[in-house]
Amino acid sequence: MSASATLAVVVGARGGIGAALVQALATAGRYGTVLALSRRPEGGHPSGGAIVEAYVDVTDEDSIATAAALTASRGEPRLVIVATGILHDATLRPERSYRALDAGSLARAYAINAIGPALVAKHFLPLLPLQGRSVFAALSARVGSIGDNRLGGWHAYRSSKAALNMMLANFAIELARQRSEALCLGLHPGTVDTALSRPFQANLPRGQLHSSAQCAQQLLAVMDGATDADSGHVLAWDGSRVPP
Ligand SMILES: NC(=O)c1ccc[n+]([C@@H]2O[C@H](COP(=O)([O-])OP(=O)(O)OC[C@H]3O[C@@H](n4cnc5c(N)ncnc54)[C@H](OP(=O)(O)O)[C@@H]3O)[C@@H](O)[C@H]2O)c1
């Protein structure tokens, strides 16, 4: 298939990592169109060229269905990356103790970090080609690993990412029955210099903070190198598997 006929989709295209992925994909020129889906689709990326912007809110299933229909009208996506997520904002604070649990904050974290990507999968997995290699990936986080949890805390974020990881593992099993070369992956990007990590960067060891451009290159390489056996797992930025 010629590059001009191929399609990549980034959901969360205005986030720190999502925007870098859109730029890296457009620059690499492997896809004829890079569909950049976000809540703020107006002029976030240079117009013209391969990038096409459109609206999506992952907590609004109708908007996901509309974005999927737009995608389908442009072809079959071989790459769909969900780069949305929330750790903190004015009302949501990562909890240090179970005493800080708040039902509203938990529900919000689950809606954006787990249910949102799952609904994107519901509408976009059927668009993957029936033949040939394709990848559906969602940005997860190492802290969503139950086996690797040594520090505790951040209850809403950790548990919403753990729920996401289980969804991805489930989807991988189902997907393999219909599309033998389609992979469903979680990705841990490392600690990346974005709005999401900014309040937590102070005590990082030197060299541990990656730029979003670096991160995008690393994640694209990880997805390129992933095999059937990786489907359903979370892969870190260096290609290693994060324990479930
Ligand atoms: N940065 C890190 O160190 C790090 C580490 C581990 C994992 N991650 C994961 O990587 C992913 C990307 O994070 P990031 O660092 O790029 O953070 P970011 O810069 O804050 O980007 C997150 C994006 O998610 C979007 N978003 C939130 N709620 C949404 C909704 N309802 N519908 C559509 N979009 C929504 C935001 O949209 P708006 O722009 O419209 O607000 C924002 O663009 C997240 O899943 C995060 O958990 C990041």
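Reader: Two strands count as paired if DSSP finds at least two bridges between them. In which sense do S6 and strand S9 pair, and over how many bridges?

Author: Strand S6 (residues 182-188) and strand S9 (residues 234-236) pair in the parallel sense, over 3 bridges. In this pairing, His188 has Ala236 of S9 as its bridge partner. Strands are DSSP runs of E with at least two residues, helices are runs of H or I with at least four, and both are numbered from the N terminus.

Reader: What kind of model is this, and how are residues numbered?

Author: The model is predicted, so local features need pLDDT of at least 70 and side-chain atom pairs count only at pLDDT 80 or more, while totals for chains, interfaces and linings use all residues. Residues are numbered from 1 along each chain as its sequence is written, and side-chain values use heavy atoms, with hydrogens and water left out.

Reader: What is the strand order in the open sheet?

Author: The 8 strands run in the order S3-S2-S1-S4-S5-S6-S9-S10, with mixed pairing. Strand S3 (51-55) and strand S10 (241-242) are the edge strands, each pairing on one side only.

Reader: Which residue stands opposite Val135 in S5?

Author: Leu79 does. It belongs to strand S4 (residues 77-82), which pairs with S5 in the parallel sense over 4 bridges. From S4 the chain crosses through helix H3 (residues 103-124) to S5, and this β-α-β crossover is right-handed: with the strands pointing away from the viewer, the path from the first strand over the helix to the second runs clockwise.

Reader: What distance separates a polar side-chain atom of Tyr157 from an oxygen atom of the ligand?

Author: The distance is 2.5 Å. A polar side-chain atom of Asp57 lies 2.8 Å from a nitrogen atom of the ligand. A polar backbone atom of Gly85 is 3.3 Å from a ligand oxygen atom.

Key: Polar contact = N/O pair within 3.5 Å; in protein donor to acceptor, adjacent residues only side chain to side chain.
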